[in-house]
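Here are my notes for someone opening this one up for the first time. Have a look at the sequence and the model, then walk through the points below.

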Amino acid sequence: MTKATILILGSNATQIELRGGGSATIGQYLNETVVPTLALIDAGYDVVLATPNGTKPILDAVSDTVDHFGGDQAAYDRARRFFADAPQMNAVQTLRAVIEGGLDRFAGVFVPGGHAPAVDLIQDAAIGTILRHFHDAGKPTALLCHGPVAILAALPEASAYRAALIAGDSEKAAALGQDWIYAGYAMTVFSAEEEKIAEAQLLGGELYFDMERALKTAGGDVSVTATNFAPNVVVDRELITGQNPSSDHQLATALIDALDRARATA
């Protein structure tokens, strides 16, 4: 018998816009998806994966490597098999289906990263509905790397907010960011400095906005490590955020601790 069910929100985005035209191929990161998910299952929790269109997320090819598992070949192989074959990774629901099925059945929510959430989840109205439910109920809400930008979907006009960021209109973005439910929350996200490295080495171009600015403009109290790619997890009330791919294990631990505490006090 499982302790409770956790909702995992995946992305379907495979391209992200680059400044000056063109795009870069992206996806969801393998370790960021599987490490916390397997930790949840190993801790006695069940998981349900949902995406905007109900299809399985596409992995970012640069994440499909043993390097993101600390060189541990067995851990990488287990993650690869789990993502490819596990029922939990293949019985994907639409966001609308999980909303219609009732969000009360979920004890917490987790959003993995890769650049993909900065394209679709950040502006998806259904994501906003889901996040507002977890916020109002005070249920653990964990997001990793680029995943934290998905909480901007809780804005009343999330699509317009993202468009203002792309246009470089900070004044309009700040106005659209008023009354955000996560304003004042301490949080972290893939840093602007880390993004510069990713742009140069992985994307082959510059993004229209970095994740730090996206969250800060709406009122997030964002902090990042002085050392690029060092693990970092920030917990504030129900919100649990991890900065980068190397924060996967720490975020999983923080999420499971929060879930276990919630069960103990229920």
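How many Å² does the accessible surface of the chain come to, and what percentage of it belongs to carbon and sulfur atoms? The accessible surface is about 10,500 Å², and carbon and sulfur atoms account for 50% of that. Accessible areas here come from the Shrake-Rupley method with a 1.4 Å probe, and for residues only the protein chains shown count as cover.

1. A word on the ground rules. This is a predicted model, where local features need pLDDT of at least 70, side-chain atom pairs count only at pLDDT 80 or more, and totals for chains, interfaces and linings use all residues. Residues are numbered from 1 along each chain as its sequence is written, and side-chain values use heavy atoms, with hydrogens and water left out.

2. Overall build. Along the principal axes, the C-alpha atoms fill a box of roughly 50 × 40 × 35 Å.

3. Inside and out. Of the 266 residues in the chain, 55% are buried (under 20% relative accessible area; exposed is over 50%, partly exposed in between, with a 1.4 Å probe and protein chains only). Take the contacts between residues at least 6 apart in sequence: 77% of them join residues at least 24 apart. Contact means heavy atoms within 4.5 Å.

4. Charges. There are 18 positive and 32 negative side chains, and the centres of the two sets lie 4 Å apart. Lys and Arg count as positive, Asp and Glu as negative, while His and the chain ends are not counted. Each charge is placed at NZ of Lys, CZ of Arg, CG of Asp or CD of Glu.

5. Aromatics. The whole structure holds four aromatic pairs. In one of them, Trp-180 and Tyr-182 have ring centres 5.7 Å apart and planes at 70 degrees, so that pair is edge-to-face. Tyr-182 also pairs edge-to-face with Tyr-185, at 5.5 Å centre to centre and 75 degrees between the planes. Rings of Phe, Tyr and Trp (its six-membered ring) pair if their centres lie within 6.5 Å; planes under 30 degrees apart are stacked, over 60 edge-to-face, the rest tilted. Trp-180, Tyr-182 and Tyr-185 make up one aromatic cluster. Tyr-182 is buried at 0% relative accessibility, and Trp-180 is buried at 4%.

6. Thr-37 sits in helix H1 and is buried, at 0% relative accessibility. Beyond four places in sequence, its contacts include Phe-82, Met-89 and Phe-110. Tyr-45 is in the loop between helix H1 (30-42) and strand E4 (46-51), and is buried too, with a relative accessible area of 2%. Among its contacts beyond four places in sequence are Thr-2, Leu-259 and Arg-263.

7. One histidine to check. Is His-133 buried or exposed? His-133 is buried, with a relative accessible area of 18%. This residue belongs to helix H5 (residues 125-137), and beyond four places in sequence His-133 touches Leu-103, Asp-104 and Lys-139.

Technical notes:
Helices (H or I, at least four residues) and strands (E, at least two) are DSSP runs, numbered from the N terminus.
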